[in-house]
Amino acid sequence: MNIPSQLKYTKDHEWVKIEGDIITVGITDFAQGELGDIVYVEVETVDETLEAEEIFGTVEAVKTVSDLFLPVSGEIIEFNSSLEDEPEKVNSDPYGDGWMIKVKCSDVSQFDSLLSADDYKALIGA
Amino acid sequence: MKNTALTSTHEALGAKMVPFAGFNMPVQYEGVTAEHETVRNSVGVFDVSHMGEFLIEGEHALDLIQKVSSNDASKLTIGKAQYSCLPNDNGGIVDDLIIYKVKEQTYLLVVNASNIEKDWNWIKSKNDVGAEMRDLSDDYSLLAIQGPKAVEAMQSLTSHDLSSIAFYNFIVGDFAGIENVIISATGYTGSGGFEIYCKNSEVKQVWDKVFVAGKDFGIKPIGLAARDTLRLEMGYCLYGNDIDDTTSPIEAGLGWVTKFTKKFTNSEALEAEKLRGPERKLVAFELDERGIPRHGYDIVDGNGKTIGVVTSGTMSPSMNKGIGLGYVPTILSEVGSKINIQIRKNAIPATVVKLPFYKK
């Protein structure tokens, strides 16, 4: 199970990469494995400002649909539109080309609430 | 939770196991898309031993079958199989099934795993003609060997000429070193192949020999997830999704297996429905835009009013678009009709199409 130590995580199986007040968000290797072949990533919230835990999009595998929850409050400034044609990148490279959104966060103190790689490992029993 | 005789084999292969109809079943091995492609292009093997098998025998076997089933089983000759329904008394369907005529006065009924007990009790309740009934479900295994290369890949396992078994025909013969195996040219994928019925004690040997024989053809194990995408691309109904206790065979498009040449459960009401025309029909549709329809989503008109319901839906691995089945008012059931599928906040336009979705 690939759980990069430099990233932060959520209990909803998302990873967060922090660069100043901008975060990049995707789903974890564990999440993509559980979902199976991902066939559609729908994000229609670009330019919207949402609260933490609000739904920012949906990821669809062949058999299941899962909501995507915003890890921290902020404005969704970019969607990885290459996933429209190649959603399978979420399976093949969840922490790289399979990233989903970038978010501008007004309050960086929220980052303290995110899980460390070790916390996340414990959560999934890896 | 029940296991099949091959559960530990699936686990050893790294399958993801899920509970399905009371059985611990493999939902996928390497991934649903790859498994789907394997069946479409070469050959794959499903363990579908959870399916139920009833033997109906004796002088009055056919009488009982004709009473409970919608298709005309008197047309069956030895070595032929028939798709059929068990209608209920209220216009719905108890189950769909395949009926095999094994020999004179002996029929094998293959039913859905989730309905074994319900079907058994239903058929038994209609058995006032004295047919002998035996439930073999716990003793028999079923492997579906499916795909365009199935005939060639499996020929070395039997002395019978597999290419001579026509669709919905079967033989009882030697297979993989086992005698008296049912080799049936049936399946739930639309890609050709066989279904193999043997005893639980024999199935591991059959499974192992099937993989040895199929090695050069790229044979792979296939899970239930791909079974669902494969059947949906053909528009085959799934009991519990597209048909159930409340859907009639007429509205579900199963008129072709509902024969009014004989009397059967609720046949008068179903015949009247057929003459009058059903109020709603099960249709196949493709999304005109991106999105994936799912079981239970609303079908809506241009004003957002709910006019029907999606009963099955997926992203078609073969066509890479959203496809589904659902009930709509008969007036909107013609091929080319425009409907909308409510997917979360959006009503996505869709078009009613002719089945199958997937054409070779």
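This is a predicted model: local features need pLDDT of at least 70, side-chain atom pairs count only at pLDDT 80 or more; totals for chains, interfaces and linings use all residues.

Q: Where do B:E233 and B:R40 sit?
A: B:E233 belongs to helix α7 (residues 224-234) of chain B and B:R40 to helix α2 (residues 32-41) of chain B, so the pair ties together parts that are 193 residues apart in sequence.

Q: And is B:E233 buried or exposed?
A: B:E233 is buried, because its relative accessibility is 0% and the cut-off for buried is under 20%.

Q: Which residue does B:D89 pair with?
A: The side chain of B:D89 meets that of B:K126 in a salt bridge, at 3.6 Å from N to O. This pair also links distant parts of the chain, with B:D89 in the loop between β5 and β6 of chain B and B:K126 in the loop between α4 and β8 of chain B, 37 residues apart. As for accessibility, B:D89 counts as partly exposed at 43%, whereas B:K126 counts as buried at 18%.

Q: What about B:K338, which residue is its salt-bridge partner?
A: B:K338 forms a salt bridge with B:D288, and the closest N and O atoms are 3.5 Å apart. B:K338 lies in strand β18 (residues 338-343) of chain B, while B:D288 lies in the loop between β14 (280-287) and β15 (298-300) of chain B, so that the pair links distant parts of the chain, 50 residues apart. B:K338 is exposed, with a relative accessible area of 56%, and B:D288 is partly exposed at 39%.

Q: Which residues are linked in a network of salt bridges?
A: A:E42, A:E60, B:R294 and B:R344 are linked in such a network, with residues of chain A and chain B taking part.

Q: Switching to the surface, which residues form the negative patch?
A: The negative surface patch is made up of A:D47, A:E48, A:E51 and A:E54. Of these, A:E48 lies in the loop between β4 (38-42) and β5 (49-50) of chain A, and with a relative accessibility of 34% A:E48 counts as partly exposed. A:D47 is found in the loop between β4 and β5 of chain A and is exposed, with a relative accessible area of 57%.

Q: Anything to note about the backbone there, say what phi A:D47 has?
A: Phi of A:D47 is near 80 degrees, which is a positive value in a residue other than glycine. B:Y168 likewise has a positive phi, of about 65 degrees, although it is not a glycine. B:Y168 is placed in the loop between α5 (150-154) and β10 (170-175) of chain B, and B:Y168 is buried, with a relative accessible area of 18%.

Q: Which residues does the cis peptide bond join?
A: A cis peptide bond joins B:L355 and B:P356, with omega about -5 degrees. B:P356 lies in the segment after β19 (346-353) of chain B.

Q: Back to chain A for a moment: what does A:V46 touch?
A: Leaving aside residues up to four places away in sequence, A:V46 touches A:I76, A:I77, A:E78 and A:F79. A:V46 and A:E78 are 32 residues apart in sequence, yet their C-alpha atoms are 6.1 Å apart in space. A:V46 is in the loop between β4 and β5 of chain A and is partly exposed, with a relative accessible area of 31%.

Q: Last topic: which residues of helix α3 of chain B are buried?
A: In helix α3 (residues 61-68) of chain B, the buried residues are B:A61, B:L64, B:I65, B:Q66 and B:V68. An α-helix has 3.6 residues a turn, so residues three or four places apart point the same way.

Q: And what covers those buried residues?
A: The cover over the buried residues of α3(B) includes the strands β4 (52-57), β5 (81-87), β6 (93-103), β7 (106-111) and β8 (132-135) of chain B, together with helix α4 (116-125) of chain B.

Notes
Residues are numbered from 1 along each chain as its sequence is written. Chains are lettered from A and ligands numbered from 1 in the order in which they are written. Side-chain values use heavy atoms; hydrogens and water are left out. Patches are made of residues with over 30% relative accessible area and no salt bridge: like charges are joined within 9 Å, nonpolar side chains (Val, Leu, Ile, Met, Phe, Trp, Tyr) within 5 Å. Accessible areas come from the Shrake-Rupley method with a 1.4 Å probe; for residues, only the protein chains shown count as cover. A salt bridge is a side-chain nitrogen of Lys or Arg within 4 Å of a carboxyl oxygen of Asp or Glu. Lys and Arg count as positive and Asp and Glu as negative; His and the chain ends are not counted. The place of a charge is taken as NZ of Lys, CZ of Arg, CG of Asp or CD of Glu. Helices (H or I, at least four residues) and strands (E, at least two) are DSSP runs, numbered from the N terminus. Buried means under 20% relative accessible area, exposed over 50%, partly exposed in between (1.4 Å probe, protein chains only). Contact means heavy atoms within 4.5 Å.
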